[in-house]
Amino acid sequence: MFMRGSTIINFFDKNNISRTIRFFLYVLVFFQPFNHFNSFREVSFYALLLLFLIKISRRELKTDFLKDAVVIAIVSILGWSLLVSIAGPFPAESLTAIRKNLLKHAVVVLITISEFKNFRDMKNLLTIVVFSFTAVTIASLVENAVRDWPTLVSLAPSISWRTVSHYYFANYADNATFYLPFIAVWLVSAKEVSWKKWTGIFTLILGGYLVYIYNGRTQLLAVIISIMVIFLLTKHYRVVFAFVIAGVLFVSLVCTTNNEGLLRYKTLFNTETYTSDTGLTNRLGLWQVVIEFIEDRPLTGYGYGWKKLAWLVQEKNSEEYWKEKLPSAYTYYIEDAKLMYGRVNPHNLVLQIVFEIGLVGLAIFIIMWGAVLRNIFKTLKVKDESEGHYFMLGCIGVIISYAMVNVTTGMWQESYGMMIFLFIAVIIVVSRDLSSKKSLL
């Protein structure tokens, strides 16, 4: 009996709790890019939350990070989202969305910046981020090969496979706009053993190829440009030169071929792609619909979560209204999405945030990213050759990718949102460490 009590006491030892928190954080992070395994994510998060609350109750949590402008902005976004959701027209749905997304993201940020001290301390966490996408990449390759081997080995991108896949390849290109630039940053900053580095390199190459056959124009551009920026900023000029040569060859191939599968990429060199509704895949019409709803509640929005947009469109109760006024919106909302909850998306991050939490919420979001950039540039003033320094340099490329992909979609919730907030937390930790070293100089 005494031994059993002693075991329980030892488990609640400060070091044991910290190790357990890290274990569950690693599990949570590893399963983020997978479309399934939600039970692993849920169990690991609530275990994290319980242990985090224990640390708070025992006053073992350092609170100096609460002075960071980024953390203040994140807490402000959470507080404002709660306020406008409760006061909005869909309080139950909005609060559920906060519980499933923003609350988790904020908790993970607080746990990460309280558990880790510097870049070296986070190496296992960063490696797990990389290897999780390696696993998804391998699974996606196998999935494509089993279903359509000719498409996988040909120059023609896949046109329909990504729309029917419900396993690993579904949403692959969207996730890749975060993971592939992040892997590039990890490669240029972390000093790891060679087999880990080669794993990252192969994931970068194979992942880029999978984004290509996914046939996503915005995603491919975001990945290529951001990775080039990362290698350029970190002075890997040979890699940049190789990218330029490969880019020239690809452009030549696209512009001169009549291959039907490449026609979609050929539109990247047409100005109408960026200015017309057809070129933007009917998004101008979709955005106009969202703007119409925003005009009714510009400051506060309708409450956190975008899925309620389907209900608002349904309230118009007139298919003819959309068909006559915005035919492209009618095609997407009525014919394709069938006005189903969870399928009608604003397809632009700025519009999505304003729709959810209003212009005030957007202002806080912009302040948060301004504070993130301030942390990055503040630490880069000190010229050194540390891993953290090169990581912060490369982070600019990840942010460029995030900005580009969110022109045509909205990525600040669900698994992508979790990873982008974790990324912000890593920046806070590295910035805090480098700033402390600067003060000692």
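**Close-up views of a predicted model**

**View 1. Helices H4 and H19 are roughly antiparallel to each other.** In this predicted model, helix H4, spanning residues 69-87, packs against helix H19, spanning residues 349-380, at an angle of about 170°, and their axes lie 8 Å apart. On the H4 side the contact includes Ala-69, Ile-74, Trp-80 and Val-84, which belong to a set of residues meeting H19 residues that include Ile-357, Ile-364, Phe-365 and Met-368. The residues of this contact divide into 14 nonpolar, four polar and one charged.

**View 2. Phe-169 and Tyr-214 form an edge-to-face aromatic pair.** The ring centres are 5.2 Å apart and the planes are at 70° to each other. Because Phe-169 lies in the loop between helices H8 and H9 while Tyr-214 belongs to helix H10, the pair ties together parts that are 45 residues apart in sequence. Phe-169 is buried, with a relative accessible area of 0%, and Tyr-214 is also buried, with a value of 5%.

**View 3. Tyr-209 and Tyr-212 form a tilted aromatic pair.** Their rings are 6.2 Å apart, centre to centre, with 35° between the planes, and the two residues are separated by about one helical turn because they stand three residues apart in helix H10. Tyr-209 counts as partly exposed at 27% relative accessibility, whereas Tyr-212 is buried at 9%.

**View 4. Helix H11 covers residues 217-233.** Its 17 residues reach 24 Å from the first C-alpha to the last, close to the 24 Å expected at 1.5 Å a residue. Among the buried residues of H11 are Arg-217, Leu-220, Val-223, Ile-227 and Phe-231, and the helix is followed by Lys-235, whose phi is positive, near 65°.

Technical notes:
Residues numbered from 1 in each chain as written. Predicted model: local features only at pLDDT ≥ 70, side-chain atom pairs only at ≥ 80, totals over all residues. Heavy atoms only, no water. Axes fitted to C-alpha atoms, helices over the stretch in contact; angles between N-to-C directions. Helix = DSSP H or I, 4+ residues; strand = E, 2+ residues; numbered from the N terminus. Parallel < 35°, antiparallel > 145°, perpendicular 65-115°, else oblique. Contact = heavy atoms within 4.5 Å. Nonpolar A, V, L, I, M, F, W, Y, C, P; charged D, E, K, R; others polar. Expected span 1.5 Å × (residues − 1). Buried < 20%, exposed > 50% of the residue type's maximum accessible area, 1.4 Å probe, protein only. Phe/Tyr/Trp six-rings, centres within 6.5 Å; stacked < 30°, edge-to-face > 60°.
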